[in-house]
There are 2 protein chains.
Amino acid sequence: MDAIDSLRERLAEVADLGSVEMLVVWDQLVMMPAAGAPARAQQLGTLARLSHERSTAADIGAWLDQLDGASLDELDRDIVRVARRDWERACRVPDELAVELARASADGQDSWQAARAADDFDAFAPALERNVALAREYAACVAGDGQSAYDALLDDYDFGLRTDELRRVFGELARELPALVPAASERTPPRVLDVPVAAQQAAVAGTLRRLGVDDGSWRVDVSAHPFTAWVGMHDSRVTTRYSDGEVESLLSSLHEYGHALYERQLDPALDRTNLGSGTSMSIHESQSKLWENHVARSPDFADVLAAELGQGGFAVSPADLHASLVGVEASLIRVSADPLTYPLHIIARFELELAMIEGELEIADLPAAWREAMGRLLGVEVPSDRLGCLQDVHWGAGSFGYFPSYALGCLIAAQLWEAMEGELGALGEELRRGELGRVQLWLGEHVHRHGRRLDTTELVERATGRGLEIAPFMRYVAPLAGA
Amino acid sequence: MDAIDSLRERLAEVADLGSVEMLVVWDQLVMMPAAGAPARAQQLGTLARLSHERSTAADIGAWLDQLDGASLDELDRDIVRVARRDWERACRVPDELAVELARASADGQDSWQAARAADDFDAFAPALERNVALAREYAACVAGDGQSAYDALLDDYDFGLRTDELRRVFGELARELPALVPAASERTPPRVLDVPVAAQQAAVAGTLRRLGVDDGSWRVDVSAHPFTAWVGMHDSRVTTRYSDGEVESLLSSLHEYGHALYERQLDPALDRTNLGSGTSMSIHESQSKLWENHVARSPDFADVLAAELGQGGFAVSPADLHASLVGVEASLIRVSADPLTYPLHIIARFELELAMIEGELEIADLPAAWREAMGRLLGVEVPSDRLGCLQDVHWGAGSFGYFPSYALGCLIAAQLWEAMEGELGALGEELRRGELGRVQLWLGEHVHRHGRRLDTTELVERATGRGLEIAPFMRYVAPLAGA
């Protein structure tokens, strides 16, 4: 067999293992009886180990060497380019470090859970200290020429993105966005609509159906935390959750739809290759945020959502519904933050994790630094670490460099939406009618089909004609502050 | 690492892959959107290939050689004994033949499906011819000293069972059982109870709850064909199906419960070893048949089932319900056959597949031979191949030696039930009260906990004090014929 065929066969195997892992996790969160948890952890450990072994095996290196300078078509060239990148990166991590990272991540999550419940940062500090030290050790292994430790960590989530670029973009946001918060809080304050769960369920089902979600190739289920699983190109599974009197389900189901649509609209030629998935965390998040912020939260699409709630027996005007979906309030908790203040929560985390990785912030000083950042960026006082630096699992799990993608997603979504409207014309009328066909097509063409062939920065430039910028997002949130 | 630790680690990995495969198949049959099928086939292919590679890798042979004569505790001795057996058997099959068998099985099932739909045996004959030839080739690879081809095939389903033993047992049954059919058909003819689906659902849920089926470690779902998946020792999943006016769901849910209970009551020390599963197809089937025939179909347990149907809003007397669960009628279709005639359907298939494997029956002559056997054993005339030799998928899938386990399950269930009552005393009162705790315990002690440590024949002898015999089954069905 040719080296390219051998390589592609191995990549297909690894892709299949990834899909199976996705399914096994989906089952764990949606279907599994609780007592199945210990066996499930073993099963997932075995899948991860096998997948790692098969992706780092020496034969891949031999095939890649044989393919050096080979005459290949464009797709195979990209496959080989990304395979070499992934393989070299994986091989730079010694097995013992990989094992230690996995163990520290599991321990850290346990420690975090207990510490958060007890609101006891000191109980969590040793685990965090260990995670930071291991992340620096890991970064030292994988860093390329001239890369800082944080650059090297970012590459796992957004290949090619640089810390300096984040400093620039988040710096601008940190200067401009906080000024809008007081006016927006006054103009569009939080409003609660007392929507019964049954009406939410009907509206979620009806809205997703309008977007092409059918039983033949989708599942829509309930889980404790909404998420998306792409088990196959035609097997997309989103989840949501319902709380009486809240409208989060409308936003979160559209958010998850955005993730799912990305994976469904990949070029079929990329299926079962190393290019057959979303290219980065921030582009993935831009797709979910686009449907959450620019569709679900648009005043135009409120017509559709209000009509669907009406079908579910809950009468509400589009204007009132829209107001309840965009209420702004500086708050303590990231996951329930409004569309305007959300990126500020992320900027605080970016500053703090960067300082920890660069050794400029002692772990013991994190709670105080958190309070300072939240005061400066959001003007809120943090009454406890449980509502402060203990609220997210990421650092407990050893994930550093992940948080930025949440804010980048907001920025890129706004930039893509403007580029789309620049090309297609204003979309308000189509949003009011619930006709999203042209939006789906444009995203498929400019974002989705490329899979991992384009990295974050190049994708943004090609799709929007410009580098990453904050202006489109600022224009998106300005109306909330009456600006 | 010691050879025994290395071996156990590998066996744990293979066991995990098996559990994952079980889950992936469960999802395919219960949850997957239809369009997910092509990707799912790829994923299952990859899992099977990996599992095969890891179970046949040369390092296992090296570890086994190192362990030859090593001082091991009893459990490890059994692990090594069965590992050697499995490994040597798997290694005897050349890779090309394994690939060809898998391909022929997939093709054969396609061919069978089309041929059955068209009632066209000739369209299926070439695929069957190929499957028989490959099964003989496979048998020649794996056969031990003095084993016939059919012996060698049987070993995949019931290790250690011999064709001569089946000839003896099935020969006795074929002589004695048909004589009961006319009397039983007259005395307990089929009766249809018009039970609505909702009442069946309530009765299934209520009955399973009495047997310990709770949401914390079980799932009960609906699928086109009832089956059981054991995803972990505490993650058991049974399915059933509901048709208006039928009571099959009561029988099939207890049947599947029997399979699930077997895997749940294995000795926990066997978990993630090569011994941690049911020992054979016939013992597995004996567990499902025990709950189907000796619990669900007992006149005593009819009290419970009638009460549960009553809770579901359908009033019926225990006697009428029992009559509807045991109606006897010589018929054409195996899967809907009554408890008395069921083994005769199997004997016909055993005779015919044995003759095909031994080269004594030409494929082209199968339809005529089928008609002859069904006439002789069941006294029925077969009007078409669709209702005759094309009704089952097994031969299309290349499974020869599998059918006997269905009838053996009936025989062994009856033999175990008599042994249990011999030890515990008559169980009628407990069945009437729906208290099955002692039955569960006895099965756990005498059957389940052993896993693969005991093969079929040894297990039956130890649990019942006797070799395999037909007398207990004959005593079980005698009352149906008023004998």
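Phe403(A) is buried, at 1% relative accessibility. Tyr406(A) also counts as buried, at 11% relative accessibility. Both values come from a predicted model.

**Aromatic pairs**

Over all chains, the count of aromatic pairs comes to 24. One of them joins Phe403(A) and Tyr406(A). Their ring planes stand at 50 degrees, between the limits of 30 and 60 degrees, so the pair is tilted. Phe473(A) and Tyr476(A) form another pair, with planes at 45 degrees, so this pair is tilted as well. The table sets out the two pairs.

| Ring pair | Centre distance | Plane angle | Class |
|---|---|---|---|
| Phe403(A) and Tyr406(A) | 6.2 Å | 50 degrees | tilted |
| Phe473(A) and Tyr476(A) | 6.2 Å | 45 degrees | tilted |

Helix α21 of chain A, residues 471-477, holds both Phe473(A) and Tyr476(A). The two are three residues apart, about one turn of the helix. Phe473(A) and Tyr476(A) are both buried.

Phe403(A) and Tyr406(A) belong to a cluster linked by ring pairs.

**Charges over rings**

In chain A, the charged end of Arg237(A) sits over the ring of Trp26(A). The distance to the ring centre is 4.4 Å. In chain B, Lys289(B) places its charged end over the ring of Tyr342(B), 4.4 Å from the centre.

**Where the chains meet**

The size of an interface is often given as the accessible area lost when the parts come together. Chain A and chain B bury about 2800 Å² between them. Carbon and sulfur atoms account for 59% of that area. Pro33(A), Gln43(A) and Leu50(A) supply 18% of the area that chain A buries against chain B. The contact draws 36 residues from chain A and 36 residues from chain B.

Six salt bridges cross the interface of chain A and chain B. The side chains of Asp235(A) and Arg40(B) meet in a salt bridge, at 3.4 Å from N to O. Polar contacts across the interface of chain A and chain B number 18 residue pairs, with both residues at pLDDT 80 or more.

Which elements of chain A each supply at least two residues of the side that touches chain B? They are the helices α1 (3-30) and α2 (37-56), and the strands β1 (218-222), β2 (228-232) and β3 (235-240). Helix α2(A) gives the most to this side of chain A, with 10 residues.

Definitions and conventions:
Residues numbered from 1 in each chain as written. Chains lettered and ligands numbered in written order. Predicted model: local features only at pLDDT ≥ 70, side-chain atom pairs only at ≥ 80, totals over all residues. Heavy atoms only, no water. Phe/Tyr/Trp six-rings, centres within 6.5 Å; stacked < 30°, edge-to-face > 60°. Buried < 20%, exposed > 50% of the residue type's maximum accessible area, 1.4 Å probe, protein only. Helix = DSSP H or I, 4+ residues; strand = E, 2+ residues; numbered from the N terminus. Lys NZ or Arg CZ within 6 Å of the ring centre and 35° of its normal. Contact = heavy atoms within 4.5 Å. Buried area = accessible area lost by both parts, 1.4 Å probe. Salt bridge = Lys/Arg side-chain N within 4 Å of Asp/Glu carboxyl O. Polar contact = N/O pair within 3.5 Å; in protein donor to acceptor, adjacent residues only side chain to side chain.
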